[in-house]
Amino acid sequence: MTKSLIIFDLDGTLIDSVPDLADGVDKMLAHFDKPPAGTDNVRTWVGNGSTKLVERALVWAGLSLDNLHHAHELFLTEYATCQDKTVEYDGVTDGLNRLIKQGLTLALCTNKPAQFLPDILANMGWTDKFACIIGGDNLPTKKPDPAPLLHICTTLGIDKSQAVMVGDSKNDITAGQNAGITTLALTYGYNYGEPIADSRPDGVFDNFGDLVAFLL
């Protein structure tokens, strides 16, 4: 594939962060004397940003959404202390390095709050990998709105025809489609328990190595 800009999602695409997210959610729920939701539930709630994650947890726990603002603040505080279980998926660091060596520009577009990104990227050893990084609260809208992807293209001075959006969820694919950008999907992520192929991306891959080989 002849493209010059690869825009990656983060959670469920480059990293498996659900164990830490679940710990943050469970600690938040404990403030309301509710049982832990656990990783299996949280895995199906990830993808629309932290506010939506907390909203889904409150609904699951039978709590009023009047608690949402307070619960979200509690989650952000607790999640900040839960960063030791997040890991990269197999072959991601090697794959990113291969893409960079080939001269491709990499960017990151995630719905995760921006405050958590520096530590996560540092822990993964990826601080210098991405030419542009957009978190879920850096702009007025987030994926599936196309604006963050178009912002990245504009910021880097690269036409969207030269860009690819890589993600694991329908939010990633829909954002790319709405932006008029080629979309590639990975099957191992968090797509609410739905097959990512149902979102009709331009390509689907079961592992990161095969994705990288296709891009090269």
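1. The chain splits into domain 1 (5–16 + 86–215) and domain 2 (17–81), with bounds that come from an automatic or database domain assignment. Please keep in mind that this is a predicted model, where local features need pLDDT of at least 70, side-chain atom pairs count only at pLDDT 80 or more, and totals for chains, interfaces and linings use all residues. Residues are numbered from 1 along each chain as its sequence is written, and side-chain values use heavy atoms, leaving out hydrogens and water.

2. Now to how the domains meet. Their centres, taken over C-alpha atoms, are separated by 24 Å. Across the boundary, 14 residues of domain 1 are in contact with 16 residues of domain 2 (contact means heavy atoms within 4.5 Å).

3. About 1,300 Å² is buried between domain 1 and domain 2, and carbon and sulfur atoms give 49% of that; buried area is the accessible area (1.4 Å probe) that two parts lose on being put together, summed over both. On the domain 1 side, Phe116, Tyr190 and Tyr192 lose the most area to domain 2, together 42% of what that side buries.

4. Next, a helix pair worth a look. The axes of helix 1 (residues 18–30) and helix 3 (residues 50–61) come within 11 Å and cross at roughly 50°; axes are lines fitted to C-alpha atoms over the stretch in contact, and angles run from 0 to 180 degrees between N-to-C directions. Helices here are DSSP runs (H or I, at least four residues), numbered from the N terminus.

5. Which residues make this contact? Helix 1 brings Leu21, Val25, Met28 and Leu29, while helix 3 brings Leu53, Val54, Ala57, Leu58, Trp60 and Ala61.

Conventions
Helix = DSSP H or I, 4+ residues; strand = E, 2+ residues; numbered from the N terminus.
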